[in-house]
Amino acid sequence: MTNIIFILSVIIGAGALTWGYGAQGHAEYARWFFLLGTIWLLAKWRGWKWISPLALLIVIASAAYGLWINISFGWMMFAAVGGLLAWDLDDFSRRLSYAAPSDDIIGMENRHLARVGIVAALGGLLGFIAFVARIQLPFEVIVGLVILTILGLTRLITTLRKD
Amino acid sequence: MRRTLFLSIITYALLLAGLATLRGDLLALCLPFALYLALGYLCAPEEVDLEVERRIDVERAAPNIPIIITLTITNRGADLEELFLDDTLPSGLTLHSGSTCSLLRLAKGASHTLTYTVSGPRGGYVFETLKARATDHLAVASREVRLEAKGQLFVYPPVTRLRQVVIRPRNTRVYAGNIPARVGGSGIEFFGVRAYSVGDPPRSINWRATARHVDQLYANEFQQERVADVAIVLDGRWRTNEFSRGHSLFEYSVQAAASLADAFLAQGNRVGMLVYSIYFNWILPAYGKVQREKILQALARAHPGGSDVFAGLQHIPTRLFPRHSQIVLVSPLNEDDLEPLIQLRANGYQVLTVTPNPVSFELSFLPKQKEVDLAARVIRMERALMLRKLQRAGVQVLDWDVTHSFDQVVQRELRRVPVWLQMQGSLK
């Protein structure tokens, strides 16, 4: 089940990028995204662990760039959510491989798929709402957000140094 | 942790990009990632409070026999959504069936049993801890603990039951046993004739001697049989045990030492063991089953090693062995070992050398070539000469061709010859 959803997620992630870029007349990029999706699926089959994070990074960077060059937000959001799902499920299936045959694999699989599905759907929905609502943020809120980001980044750098 | 870090970097990068460019759509793009992280942290596992019990079905096993290991993990804390258990196998053991890892959901108060089968070669194996990592469903936040789950497993060397091993140390102990004590008394072997004294059984009267002396009765006296002190020295030096292509005679030496220790202890003797390798491992002499266990545990842990200090046998600490006791050296031997062994004999110890034959052993895996055969003949002659010198010095030698079973060789070479056969031999 996890593998099927993983394949669907890769198709959604890479497919949304391909479609979005293709529809805007960037066919040369679209071909590369199609290739990315194929490699991601192939990597799963071959067991290359490092492809998944790299592919997610490419998908997110491409989605951000797509937004910058005014490609439809819907496709880019689909790509980001699809990429996130595929990356998560690839890691989950790897964790699941450690489970003993006597463990409740199907139960864990179902619970994980339900939760990650809800997170993806809710995240996507929130994104769409945020995009559609177009709330004009006052200056103070933006300053607050910047401070929050800086605090978060400081925490992240501290963690990175500890590691 | 890496997952969290990776996702955090993506989220912050999008957030920064959105704020820097004042693009709301970029900020909106980071929302699924932020939600993923937030939910992960919200559902982070609380304190991991697990109780582990390890059960090993046998604590002492023979080599390469499957041994079942069962771990019972009980959750004393809150529900754990995703718990990954990983039991580390001590090096040397091989997983036979089952799995040392498990991924499960463990509710509060629930228990889980992890069972697997291992097997391994001779050795002493210590199980220390079980690694448990609890994470939320999205594996964002995790807590890892090492739970104490101690266990010990000994894979003993194979012990061949030896029916009889005849030794003749100069000194014996006071307790009755199987070893002729060179002292007159009750026993089996004839010792001498002495004047009859009141209390001697009439059947002990030597009628021939009495017939020659009309005024005095004479009685037969037999040799007393007692237990003795035996020190087994296992040679674990690389230079004598290791051969080309990873072949080693050490396992045979260990098997011989284990079988001899078992036989001597079964005869009631006081047995000590010295493993002469990279360092000394001395098991103090003692009697009985407990001592058998101690010796087998030491043999299970014994490994060959190389050291410049203990390169020769001259460093055998003779002070550890009781005076005039029996020393049994188990070693493939080397030409340099001749002098120290003769010295041991000169110091009054009765020395028995059990020597797994390195020539026939090495020849068994070398290619059949003319040059190899010639070399084998030369080395065999040199070895025969060395063993003969040892025998001339009074050292008892048991040359063991390892292609034959040890008990057969001992039965042939170290058995007690019946008196009537000894007499026949002397008549011839």
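Trainee: What domains is chain B divided into?
Mentor: Domain 1 (2–42), domain 2 (50–155), domain 3 (184–225) and domain 4 (229–427). The bounds come from an automatic or database domain assignment. The C-alpha centres of domain 2 and domain 3 of chain B lie 70 Å apart.

Before we go on: this is a predicted model, where local features need pLDDT of at least 70 and side-chain atom pairs count only at pLDDT 80 or more, while totals for chains, interfaces and linings use all residues. Residues are numbered from 1 along each chain as its sequence is written, and chains are lettered from A and ligands numbered from 1 in the order in which they are written.

Trainee: Why is A:Gly124 called buried?
Mentor: Check it against the cut-offs: buried takes 20 or more other C-beta atoms within 10 Å of the residue's own, exposed takes 12 or fewer, and partly exposed is in between, with C-beta atoms placed from the backbone. A:Gly124 has 22 within 10 Å, so it's buried. It's found in helix α5 of chain A; helices here are DSSP runs of H or I with at least four residues, strands are runs of E with at least two, and both are numbered from the N terminus.

Trainee: Which residues does A:Gly124 touch, leaving out those up to four places away in sequence?
Mentor: A:Met77, A:Val81 and B:Pro32. Being in contact means that the C-beta atoms, placed from the backbone, lie within 7 Å.

Trainee: How many residues does each chain bring to the contact between chain A and chain B?
Mentor: Chain A brings 44 and chain B brings 33. On chain A's side, α5(A) has the largest share, with 14 residues. That side divides into 29 nonpolar, seven polar and eight charged residues. For those classes, Ala, Val, Leu, Ile, Met, Phe, Trp, Tyr, Cys and Pro count as nonpolar, Asp, Glu, Lys and Arg as charged, and the others, Gly among them, as polar.

Trainee: Why are α1(A) and α2(A) called roughly antiparallel?
Mentor: Their axes come within 7 Å and cross at roughly 170°. Axes are lines fitted to C-alpha atoms, for helices over the stretch in contact, and angles run from 0 to 180 degrees between N-to-C directions. Under 35 degrees is roughly parallel, over 145 roughly antiparallel, 65 to 115 roughly perpendicular, and the rest oblique. That's why this pair counts as roughly antiparallel.

Trainee: What about α6(B) and α7(B), at what angle do their axes cross?
Mentor: Roughly 175°, and the axes come within 10 Å. α6(B) and α7(B) are therefore roughly antiparallel too. Residues making this contact include B:Ala257 and B:Ala261 of α6(B) and B:Leu299 of α7(B). By class, there are eight nonpolar, two polar and two charged residues in it.

Trainee: What makes a group of residues a nonpolar core?
Mentor: The members must be buried Ala, Val, Leu, Ile, Met, Phe, Trp, Tyr or Cys residues, joined through C-beta atoms within 7 Å. The largest one here has 81 residues, and B:Ala257 is among those that touch the most other members. Helix α6 of chain B gives the most to this core, eleven residues.

Methods: Contact = placed C-beta atoms within 7 Å.
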